[in-house]
Amino acid sequence: MIPKELIKGSLKSLVLKLLSENSRMYGYEITQKVEELTSGQIKLTFGALYPILHKLETDGIVVTESEIFNSRVRIYYKLTVSGKSVAQEKLKELQEFVDVISLLLKPSFSI
Amino acid sequence: MAKLKVEHIEIIISDVSNAGITFSHLREELIDHICCEVENEIFKGFSFEEAYEKVKTKIGHKGLKKIQENTLFLIDKNYRIMKKTMRLFGVVSMAMMAVGAIFKIQHYPGAGILLTISFALMGLVFLPSALYVMKREITMKGSTFIFITGLFGGIALLGGVLFKIQHWPGSGILLLAGYLIICIALIPAILVSRLRDKSVKHLHSVYILGAFSIAIYLLGDLFKTMHYPGASPMLLVGATLLTAVFLPIYAYKMYSNTTYVKGGFIFLCIGIFFFNLFNILLAINVSKDVFNSFMKPIQEVEFTSNFIQTENAEIITQLSNIKQLSDSTLFKKIEVSTDELNNFIEDIKQEIIIKTDGCSKAEAIEKNKNPQFIIAKDNKIIPTEVLCGEEPGDSLKKGFILKSKINSLKAILLKASDRNNESKTLINKALETANSAETNESKSVPWEFNQFYHLPIIAAITKLNYLQRNVRIAEMCALQNLEQNKNISK
């Protein structure tokens with residue numbers, strides 16, 4: 001399992017990535033999806049997830065819609081129009097970060 | 001995927017609501033999330049209870065509240081600033097206050113500035129920011145009123161305490177306003193909002209009791225600081241209700257409801273403990289101050305006695321040099337009897353100190369000189385036992401013997417000053433041993449009983465010191481008279 005500290009900075013981008021691939025998602029679904037895609041390597045706790053979702057909402061990157069599901073309210077998140085470009089930008093940033101890190105981690109064969 | 005029953009969802013909804021989650025749509029999300037997790041566990045083959053227990057363990061105690069705090073912290077800039085301000089200034093002002101208090105106690109310079117700054121920071125920065133943070137985290141009915149009264153009551157109270165410590169004018173008004181706002185507005189408002197909360201119905205009676213006893217206690221505090229009458233019974237009732245009635249009942253109700261002890265409860269106990277400790281220490285400190293200022297005149301009395309004794313000794317030397325005195329044995333008799341009575345009183349004082357503190361004779365002599373070192377200062381039994389007994393008129397007690405000794409000395413002294421009425425009056429007054437006057441409420445009792453019955457040892461010593469001084473004064477009157485007569489006969 002990947003330690004929390006490493007995931008922390010890129011959580012926002014990961015959530016945006018998922019939201020850009022699905023029309024709308026709710027909290028539990030996001031945690032499950034992350035776990036499924038990374039075969040349990042990354043466990044997104046809801047304690048970390050919801051503050052980020054609310055932050056995205058107040059920043060106008062996502063909007064929410066609520067629906068009654070099985071006698072409880074379910075809140076769905078989806079990207080706004082401006083949010084989509086933000087998402088792309090964030091993903092680009094993350095990709096660059098990954099590239100740089102892998103460059104740094106490449107084994108050095110110099111003598 | 002398993003589907004939860006409606007009644008199970010109800011349980012989860014009420015638990016999340018009780019956790020105090022009020023921000024935006026976070027409550028609904030958390031309910032939905034927990035339901036999904038529980039459904040997932042049930043799908044694996046657990047019962048609802050087992051599944052819910054597992055999920056709750058995963059969230060942890062106060063976990064939900066923490067999420068709300070994190071959310072607020074992330075999205076709300078004001079909240080973030082206020083929370084940081086609250087933490088920083090809370091620590092800074094507390095530390096400054098503690099250092100200021102030490103400086104004040106030790107009389108180092110700068111205590112006033114430290115205390116003023118720390119109180120100002122606490123009242124004007126920490127308190128508002130803390131209330132703002134609380135307001136964002138807790139939403140309940142009438143909360144705006146609670147926070148406003150809390151703010152003004154707190155500022156007035158802190159200001160009042162500061163002004164009082166610094167001896168600035170206006171502390172009375174501030175303290176009065178602070179205490180009244182807290183007792184009449186804040187506590188009832190908190191109580192009402194608690195009573196509106198139906199989910200803690202089993203605690204309603206306890207809340208009423210708690211609010212009532214705290215209000216009484218605080219009003220007692222107010223009365224004490226403002227020197228209004230009736231403070232002591234209020235403090236007594238308030239403190240007793242708080243520690244002996246409210247706390248046990250509250251503890252029982254909390255224990256019977258939860259299997260673990262909440263941190264808040266421990267804080268409550270410690271808080272009440274310090275509350276009481278503080279007040280008790282305050283009381284001791286006040287009485288110590290009062291006591292020490294009373295001890296000073298007592299030592300001065302002893303000084304006076306010694307001074308008069310030296311003067312008297314001089315007169316006696318002069319008298320003994322004159323051959324043609326009408327009664328040459330009288331002044332000798334005066335000297336011997338006065339010294340004897342003086343020593344008798346000295347012995348009584350030593351005896352009661354030895355018996356009260358169980359100390360050696362040498363220690364008793366030392367304690368006689370400095371009565372503040374007597375350990376059981378308020379002992380009433382030993383002085384009563386030695387000097388007068390439980391019934392008036394006990395002729396075996398030292399007080400009775402003392403009276404007869406005073407009377408015989410008085411007779412000698414009066415004889416020596418038979419031609420001087422002024423001197424006679426003074427001697428009679430200094431060595432007064434009459435029974436107490438009969439009044440409607442009380443019967444006449446013998447002098448020694450009136451003087452020493454149930455008198456604390458510290459007061460008995462004082463009284464005997466004064467008596468020793470009076471004996472010396474009376475002796476002086478008589479001797480001076482003899483000296484004048486000598487001049488006349490010349």
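Modeller: Contact means heavy atoms within 4.5 Å. By that rule, 26 residues of chain B touch 22 residues of chain A. The model is predicted, so to speak of local features we need pLDDT of at least 70, while side-chain atom pairs need 80 or more, totals for chains, interfaces and linings use all residues, and side-chain values use heavy atoms without hydrogens or water. Residues are numbered from 1 along each chain as its sequence is written, chains are lettered from A and ligands numbered from 1, in the order written.

Start with area. Chain B and chain A bury about 2100 Å² between them (accessible area lost on being put together, 1.4 Å probe, summed over both). Carbon and sulfur atoms carry 66% of that area. On the side of chain B, B:Glu29, B:Asp32 and B:His33 lose the most area to chain A. Together these three account for 26% of what that side buries.

Now the polar links. The rule finds three salt bridges across the interface of chain B and chain A (a side-chain nitrogen of Lys or Arg within 4 Å of a carboxyl oxygen of Asp or Glu). Nine residue pairs across this interface are in polar contact, with both residues at pLDDT 80 or more. A polar contact is a pair of N or O atoms within 3.5 Å; within protein, one must be able to donate a hydrogen and the other to accept it, and residues adjacent in sequence count only if both atoms are side-chain atoms.

Which elements of chain B give two or more residues to the side that touches chain A? They are helix H1 (6-18), helix H2 (26-43) and helix H4 (63-75). Helices (H or I, at least four residues) and strands (E, at least two) are DSSP runs, numbered from the N terminus. H2 of chain B gives the most, with 12 residues. By type, the touching side of chain B has 14 nonpolar, six polar and six charged residues. Ala, Val, Leu, Ile, Met, Phe, Trp, Tyr, Cys and Pro count as nonpolar, Asp, Glu, Lys and Arg as charged, and the others, Gly among them, as polar.

Now zoom in on B:Asp32. It forms a salt bridge with A:Arg74, with the closest N and O atoms 2.8 Å apart. B:Asp32 also meets A:Arg72 in a salt bridge, 2.8 Å from N to O. Is B:Asp32 buried or exposed? B:Asp32 counts as buried because its relative accessibility is 3%. Buried means under 20% relative accessible area, exposed over 50%, partly exposed in between (1.4 Å probe, protein chains only). A:Arg72 also has 3% relative accessibility, so A:Arg72 counts as buried.

Another salt bridge lies within chain B. The side chains of B:Glu41 and B:Lys44 meet at 3.6 Å, N to O. B:Glu41 is buried, at 10% relative accessible area. B:Lys44 is exposed, at 57%.

Next, the partner chain. Chain A has five helices and three strands. From the N terminus, its elements run α-α-β-α-α-β-β-α. Its C-alpha atoms fill a box of roughly 65 × 30 × 20 Å along the principal axes. Of the 111 residues of chain A, 35% count as buried. Take its contacts between residues at least 6 apart in sequence: 48% of them join residues at least 24 apart.

Salt bridges also occur inside chain A. The side chains of A:Arg24 and A:Glu67 meet in one, at 2.9 Å from N to O. This pair links distant parts of the chain, 43 residues apart. A:Arg24 is in the loop between helix H2 (11-21) and strand S1 (25-26) of chain A, while A:Glu67 is in strand S2 (residues 62-69). A:Arg24 counts as partly exposed, at 26% relative accessibility. A:Glu67 is partly exposed too, at 36%. Over all chains of the structure, the search finds 24 salt bridges.

Conventions
Buried area is the accessible area (1.4 Å probe) that two parts lose on being put together, summed over both.
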